[in-house]
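Here's a quick briefing to read with the structure open beside you. Have a look around first, then work through the points below.

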Amino acid sequence: MVSEPAVTESSPARVARQLDRSKAAPRGPAGDQVPGRRRGTRRWPPPTRAYQAFRVINAIILSLVAVAVLFPFLNVLAQSFSSERYINAGQVSLWPRGLNVTTYEHVMSDPLFWNNYRNTVFYTVTATVVAMAVTTCYAYVLSKPHLRGRKVLIGIAVFTMFFNGGIIPNYVLVSFLHMRDTVWAIALPNAINVFNLLVMKSFFENMPPELEEAAAVDGMDTYRILWRIVLPLSKAVIATMTLFYAVMFWNSWFAAFLYMDNQGLFSVTVYLRNIVDSVTSVSNGQLAAGTQVQIAANIQAVTVVLVAIPILFIYPFIQRYFVSGVTLGAVKG
Amino acid sequence: MGRQRRAGVRRSWRVAARRDWRLYSLAIAPLLFFAVFRYLPMVGNVIAFRQYLPGGPLFGDQWVGFYYFDQLIHDPNFWQVFENTLILGALSLLFGFPAPIILALLLNEVISRGAKRFVQSVSYLPHFLSTVVVAAIMMQGLATNGIVNQALGWAGHAPITFLNDPGWFRSAYVSSEIWQYAGFGTILYLAALTTVDSQLYEAARIDGASRWRQTWHITLPGIRPTMIVVLILNIGTFMAVGFEKILLIYNPLTYPTGDVISTYLYRVGIVSGSFSYAAAIGLFESVIGLTLVFAANTFARRVLGAGLW
């Protein structure tokens, strides 16, 4: 009864278009012809010399921006493959010197590193599943315009964007609930990100109501409509939100640092944090400890690479989802 | 009449409950979440007025009135970190707020779509990294033999211990914030730029307005609502300046400039166990933060004609 291809959303481009459509701001009649306008306007009148000079300078500035952003990454990558002698002498910039992979072998042979990596995967998956379940339910409820008390329910969520209890009461609460040393200390206090909630809510609001009405006439109840009709049609937004949460939990370190008391429960970000911390404290000491600092710096570079790699690897694929999500959230939130 | 209306309200609630009880049931878990993990901690701030002992009752043992606020007012360390917070917050706002706008305007002038997309993709990247990764990259890059000091060396400058020098801490922090967030911040502005009416540009061109004047009189007013929203949101995080990052990159040497309210209360509360005093500091911080947001919003609504709510 529901013809699938008619409304199935899968490509990011479609999401982007759908997001665009939801924009409340009045758009010029040009609408989607923005690229066309550009091409047209640049030819007439002919660009002045000042503008041509500006374009050259602009290209230089933006190239410098790209270089400034990338340089630190490439430098750390180069250091991770370099031997400590060259790092020590400050001779490693963009290309590894004294190429070797012994530091990688060293870090990867540490059982604690793999243990913490597994923990990160486990925490990320659990927390993301919990967060998606709770966020989806609430976003769906909030998207129903006829619902009585809807404004209050929205207000309850939005208020927490501007005021929160602060770290001490949260810490006291999590300890009080005996959630320390469990995944719940990470998953539950962050189960709903209000920004994500609002993005999902506006996605649901933009779905054509006819499908749900038809399903209701066919005798489906709310649960089944959500599960069988709404969710299958929301794959794009679900994918986006899952990525938002997964990246957030993968990157988080403070909750694990705060609530995990034994190193077998640390996430890999806490593992890296402890390296960062030891580098700081060593370099605070005498310069005589120079060699030690360098070994730590070497290991630090490798750990940075290994922690960031999953994100860097999926980054090209997730980037546009993030962009469309942020744009939608901004328009509605 | 009042009673009648109340009866009517009650009846319509009953109708709503009967019709939508399944929808309401879906809200139970999320509401529990908000109650327990968002609103209960707000209430939990009462321990700022009560004596709390670790392991004791959630809301502390006994009332002590303004004892901890009195302590706060007479704590020279607090005023030091308060000042640091204001300076660091102001610097972050001063440089962090215009950076994405300028970058977005520059990107908007790029004609080659490929080049534009490349710069965008690259500049968004740091936003996706963990704060720990960013801190580690800073450690590497700003070390005495890191790339920044290498560049200084080529220029014939002696190496600087950026992260151990209180005089450099603020610059290092603010630069890293711009490095991390300026690119991603352009998304909102670039989206807003596409909504500026192209007819305005055509009209301006016919009137002989230069590109610069077009930018000043059409583009900037066009993205003003976005700027206001972002500014208010930035002001909202003013007091809580980069807690996680500062916690990672500061050290006792840089406390004089780097220690802020949130890191101080973390050390007072969680490291030293003075929960009540730390809660008092936290409450002080959030009340100022909330006041700032409301003030900014009211100002934006009255003077600029557009606010966040």
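What follows goes from whole chains down to single residues. Keep in mind that this is a predicted model. Chain A is built from 17 helices and 0 strands, while chain B comes to 16 helices and 2 strands. On the aromatic side, the count over all chains is 42 pairs.

**Chain A overall**

- Chain A runs to 333 residues, and 50% of them count as buried.
- Take the contacts in chain A between residues at least 6 apart in sequence: 72% of them join residues at least 24 apart.

**Chain B overall**

- Chain B has 309 residues, and buried ones make up 51% of them.
- Its accessible surface is about 14,500 Å², and 65% of this belongs to carbon and sulfur atoms.
- For chain B contacts between residues at least 6 apart in sequence, the share that joins residues at least 24 apart is 64%.
- How does the radius of gyration of chain B sit against that of a compact globule of 309 residues, and what are the two values? Chain B has 25 Å, whereas the globule would be near 19 Å.
- Along the principal axes, the C-alpha atoms of chain B fill a box of roughly 70 × 60 × 35 Å.
- Chain B is split into domain 1, covering 1-39, and domain 2, covering 67-304.
- The centres of domain 1 and domain 2 of chain B, taken over C-alpha atoms, are 41 Å apart.

**Aromatic pairs in chain A**

- A pair of aromatic rings is described by how far apart the centres are and by the angle of the planes.
- Tyr51(A) and Phe54(A) make a stacked pair, because their planes meet at 25°, under the 30 degrees cut-off; the ring centres are 5.9 Å apart.
- Both Tyr51(A) and Phe54(A) belong to helix 4 of chain A (residues 49-80), where they are 3 residues apart, about one turn of the helix.
- Tyr51(A) is buried, as its relative accessible area is 7%, while Phe54(A) is partly exposed at 28%.
- Phe122(A) and Tyr123(A) also have ring centres 5.9 Å apart, but their planes are at 50°, so this pair is tilted.

**Charges over rings in chain B**

- Arg50(B) has its charged end over the ring of Trp63(B), 4.7 Å from the ring centre.
- Over the ring of Tyr255(B) you'll find the charged end of Arg267(B), at 4.2 Å from the centre.

**Ile223(B), a buried loop residue**

- Ile223(B) is in the loop between helix 11 (211-222) and helix 12 (224-236) of chain B.
- With a relative accessible area of 0%, under the 20% cut-off, Ile223(B) counts as buried.
- Which residues touch Ile223(B), once its neighbours within four places in sequence are left aside? The contacts are Ile101(B), Tyr189(B), Ala192(B) and Leu193(B).
- From Ile223(B) to Arg211(B) is 12 residues in sequence and 16 Å in space, C-alpha to C-alpha.

**Positive phi in a chain A loop**

- Most residues other than glycine have a negative phi.
- His178(A) has a positive phi, near 55°, and lies in the loop between helix 9 (167-176) and helix 10 (184-187) of chain A.
- Asp181(A) has a positive phi too, near 65°, and its place is in the loop between helix 9 and helix 10 of chain A.
- His178(A) counts as exposed, because its relative accessibility of 69% is over the 50% cut-off.
- Asp181(A) is partly exposed, with a relative accessible area of 31%.

Key. Residues are numbered from 1 along each chain as its sequence is written. Chains are lettered from A and ligands numbered from 1 in the order in which they are written. This is a predicted model: local features need pLDDT of at least 70, side-chain atom pairs count only at pLDDT 80 or more; totals for chains, interfaces and linings use all residues. Side-chain values use heavy atoms; hydrogens and water are left out. Domain bounds come from an automatic or database domain assignment. Rings of Phe, Tyr and Trp (its six-membered ring) pair if their centres lie within 6.5 Å; planes under 30 degrees apart count as stacked, over 60 as edge-to-face and the rest as tilted. Helices (H or I, at least four residues) and strands (E, at least two) are DSSP runs, numbered from the N terminus. Buried means under 20% relative accessible area, exposed over 50%, partly exposed in between (1.4 Å probe, protein chains only). A charge sits over a ring if NZ of Lys or CZ of Arg is within 6 Å of the ring centre and within 35 degrees of the ring normal. Contact means heavy atoms within 4.5 Å. The radius of gyration is taken over C-alpha atoms; the globule rule is 2.2 Å times the number of residues to the power 0.38. Accessible areas come from the Shrake-Rupley method with a 1.4 Å probe; for residues, only the protein chains shown count as cover.
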